[in-house]
Amino acid sequence: MWLAKYETRMDNLLDIQNLRTYFYLGEQVLKAVDNVSFSIHPKEIVALVGESGCGKSTAALSILRLISSPGKIVKGKINFNDDIDLLKLDVKQLRKIRGNNISMIFQEPLSCLNPTFTIGNQITEAIFTHKSTSKDQAYKDTIDILKTVGLQDQQRIFNTYPHQLSGGMQQRAMIAMALITKPQLLIADEPTTALDVTIQAQILNLLKTLQKKFNMSILLITHDLSIVAQVAQWVIVMYGGEIVEEADAKQVFKKPLHPYTEALLKSVPSFKKGKGKLEVIPGSVPNPAEFPTGCKFHPRCREADKICKKVKPGLFEVKKQHLVRCLKR
Ligand SMILES: Nc1ncnc2c1ncn2[C@@H]1O[C@H](COP(=O)(O)OP(=O)(O)OP(=O)(O)O)[C@@H](O)[C@H]1O
Ligand SMILES: [Mg+2]
């Protein structure tokens, strides 16, 4: 029988149901997140993947209600820890959760770190925002977390300004700041894209280690599928503001079922067998103000036929715990 995933995956830390986040640009309505439902288990790393513009960041920012005008969360439920609907909280209640139970790190550490305060100042400030503790204890906790994220010479780093650190060190400092409150969920939006390949691997390994150490869940957003294979247990593929496939990570890499996921995997160097040319997906992601009729992927899909132009596919469980939005599956 075909079942929606949220009926089959129980025991959720975060459960998003029918989320719609739109941007209102004059006459145009950009449906950046167009009826998205997914969940994250405790202690699980979930990867959200897809090409640029498919709505990954908008979905992530919606979780913490960080969408500002002209954007708006139009509909949906975001349940955290079973009973808290994040979309119904008032600002004060939400602040208690943001940066405390749920933290977020971004691609560009410098866009989050304040250039006018030292790293130590910023991390201790994050501690004081969420709990009452002595200055001495906050200092000790900050030194500890700097050590945990692999920064050497913690006393010096404590008194250093963000611009005095390398990109990799800045990213570690930002991870330290996000983890100081021991969040249950860390949202990492393209956390390694701005770094070189060796540092990328270090930061990913660090995230994996920290996930175990802190028993937290991670929502890892990336357009780099080679990253996903190394760290995630569950994979969600987005296209045109919708989920088109989701399943266990091993399953997705072994046998992707949506033609879009297949094409994405074929365009990643490490997944391409032999020495032939890498494949590219023809065309580009659709403008969320005017999605194609039928299946949103049909203009770029090599399997598409007449029916795909007309009928909009639903997201169905075509194999156990493997959901796909495609009329051909
Ligand atoms: N502040 C905004 N104002 C208007 N449109 C926006 C805004 N933020 C996002 N969008 C639009 O919403 C759609 C989804 O964007 P989003 O940033 O969520 O994509 P993404 O998957 O995170 O892409 P990337 O991989 O490039 O980060 C895009 O069409 C984008 O242009
Ligand atoms: Mg993004």
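**Reading loops, helix pairs and a pocket**

Pro70 lies in the loop between helix H2 (56–63) and strand S4 (71–80). This is a predicted model, in which local features need pLDDT of at least 70, side-chain atom pairs count only at pLDDT 80 or more, and totals for chains, interfaces and linings use all residues. Residues are numbered from 1 along each chain as its sequence is written.

User: How does one describe two packed helices?

Analyst: One gives the angle between their axes and the distance between the axes. Axes are lines fitted to C-alpha atoms, for helices over the stretch in contact, and angles run from 0 to 180 degrees between N-to-C directions. The axes of H4 and H7 come within 9 Å and cross at roughly 20°. H4 and H7 are therefore roughly parallel to each other (the term covers angles under 35 degrees).

User: Which residues of H4 and H7 meet?

Analyst: Contact means heavy atoms within 4.5 Å. From H4, Ile119, Gln122, Ile123 and Ala126 meet Ala173, Ala176 and Met177 of H7. This contact has 6 nonpolar residues, 1 polar and no charged. Here Ala, Val, Leu, Ile, Met, Phe, Trp, Tyr, Cys and Pro count as nonpolar, Asp, Glu, Lys and Arg as charged, and the others, Gly among them, as polar.

User: At what angle do H7 and H8 cross?

Analyst: The axes of H7 (residues 167–179) and H8 (residues 197–214) cross at roughly 15° and come within 11 Å. That makes H7 roughly parallel to H8. Among the residues in contact are Ile175 and Leu179 of H7 and Leu206 and Phe214 of H8.

User: What volume has the largest pocket, and what lines it?

Analyst: On a 1 Å grid over the protein atoms alone, a pocket is an open set of points where a 1.4 Å probe fits, with protein on both sides within 12 Å along at least five of seven lines; lining residues have an atom within 4 Å of a point. The largest pocket has a volume of about 680 Å³ (the space filled by probe spheres set on the points, which are joined across faces, edges and corners). Of its 24 lining residues, Arg98, Gly99, Ala126, His130 and Met177 lie nearest its centre. H4 supplies the largest share of the lining, 7 residues.

How values were computed. Chains lettered and ligands numbered in written order. Heavy atoms only, no water. Helix = DSSP H or I, 4+ residues; strand = E, 2+ residues; numbered from the N terminus. Parallel < 35°, antiparallel > 145°, perpendicular 65-115°, else oblique.
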